[in-house]
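Hi,

Here is the structure I promised to pass on. Have a look at it first, and then read my notes below.

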Amino acid sequence: MMKQMRSDPAAAEEFLDPSRNKNLTYLLKDRSWPNQDLEGKLSPDELHNSSHGMFGEVLEASATGRDPNSSQPPVRPHDATMNRIMDTALSTLGGDKAGDQNNLAVALRRPMADMVADYVADTHDILSKDLPGPSEPGGLNATREQLLRVIRGTAEDPEAYSLIHLAETQEVARRMAEFGPEAFRDVNGRPDPKFEGFVNEAGKALGALDAVQADTITDHKSDEQFKVNWKAKMDYHYIGTLANMIPGKDWLPVGDIAQRYVDVATSDWANKVNATIDTKAQGDLSSLYTTGQSQMQVMLKAKADQFGVPGRDILLGQLTDSANVHYYTSIVQAHNAAFGKG
């Protein structure tokens, strides 16, 4: 049944719709899957063709509206059923407390990463703001902490995490490209408030993802093979792969201007991630993991260069400093609230 439904998004939606039945919560929480304890030892093909692996693809199909193994373009907008399924998956797998990030099954890491990347407009909204209500545009009610715990679960697979990080980078670049020369307008000695607000939110979102990265590496700080594998796969996805599309997925390319921001940001991020992984993951996480901070700086510099704003411009410096504050605060919040670590 799973094998048939993973290529039939409409059937998958109907089968997993939380408003129709309890199939989704049962399959996410209560189902005992054959050989689940051995999934980490299965080959990619074996995992893909296991019943749990097939369910992961059914879940992805139901939330995104497309067959995970096809070249269909993204479905926009997501319909109400897709949003319900995505929201339920995040809240169920994200759990209610720190530590739940360690419970994401191996078979669900890549499907959940694909789903988070597909919902990047909503996940950016959740990560970058203190929302008083549902996210936009999909109306997700999952909390920031639940989303971060799901992302942390996917990060055991660096390829899965890279999908989420690149999707967020593209979303920041896309939104940044919407601002014109007014972005560096002097408003009573401060930058344009709308652009500054966006920059602060972007810094907060990137800080949250860097907290995930830091938590993953420090949890495996004694496992040299894990770090070698993580670094090798980051090299492949960020240095060896063009960043105009998410690796392995047909995606909506960003515009030419936004693409320049993506290019400089991903190159800078990959190089600094590799340098970080080469160090001993000890001490103050907020000082060790600053890759997203630097990423935001180079994107802002590219934006300033576009409009001929000099690198020593006071407003550019204020924007960078403000983004840094929100970046660091976000790391601390994620470690404390989402992962329960000081």
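**What I found**

The lining of the largest pocket is made up of 7 nonpolar, 6 polar and 11 charged residues. Here Ala, Val, Leu, Ile, Met, Phe, Trp, Tyr, Cys and Pro count as nonpolar, Asp, Glu, Lys and Arg as charged, and the others, Gly among them, as polar.

Before going on, two notes on the source. This is a predicted model, where local features need pLDDT of at least 70 and side-chain atom pairs count only at pLDDT 80 or more, while totals for chains, interfaces and linings use all residues. Residues are numbered from 1 along each chain as its sequence is written, and side-chain values use heavy atoms, with hydrogens and water left out.

Back to the pocket. A pocket is an open set of points on a 1 Å grid over the protein atoms alone, where a 1.4 Å probe fits, with protein on both sides within 12 Å along at least five of seven lines; lining residues have an atom within 4 Å of a point. In the largest pocket, 24 residues form the lining, and P44, L47, V106, R110 and D157 lie nearest the centre. Helix α7 gives the most to this lining, with 6 residues (helices are DSSP runs of H or I, at least four residues, numbered from the N terminus).

Next, have a look at helix α9, residues 144-154: 10 of its 11 residues are buried (buried means under 20% relative accessible area, exposed over 50%, partly exposed in between, with a 1.4 Å probe and protein chains only).

One of those buried residues is R152, at 1% relative accessibility. R152 forms a salt bridge with D219, and their closest N and O atoms are 3.0 Å apart (a salt bridge is a side-chain nitrogen of Lys or Arg within 4 Å of a carboxyl oxygen of Asp or Glu). This pair links distant parts of the chain, with D219 in helix α11 and R152 in helix α9, 67 residues apart. D219 itself is partly exposed, at 39%.

How many salt bridges does the structure hold? There are 21. Another one joins R66 and D118, with the closest N and O atoms 3.6 Å apart. R66 sits in the loop between α5 and α6 and D118 in helix α7, so this pair ties together parts 52 residues apart in sequence. Both R66 and D118 are buried.

Cheers

Conventions:
Helix = DSSP H or I, 4+ residues; strand = E, 2+ residues; numbered from the N terminus.
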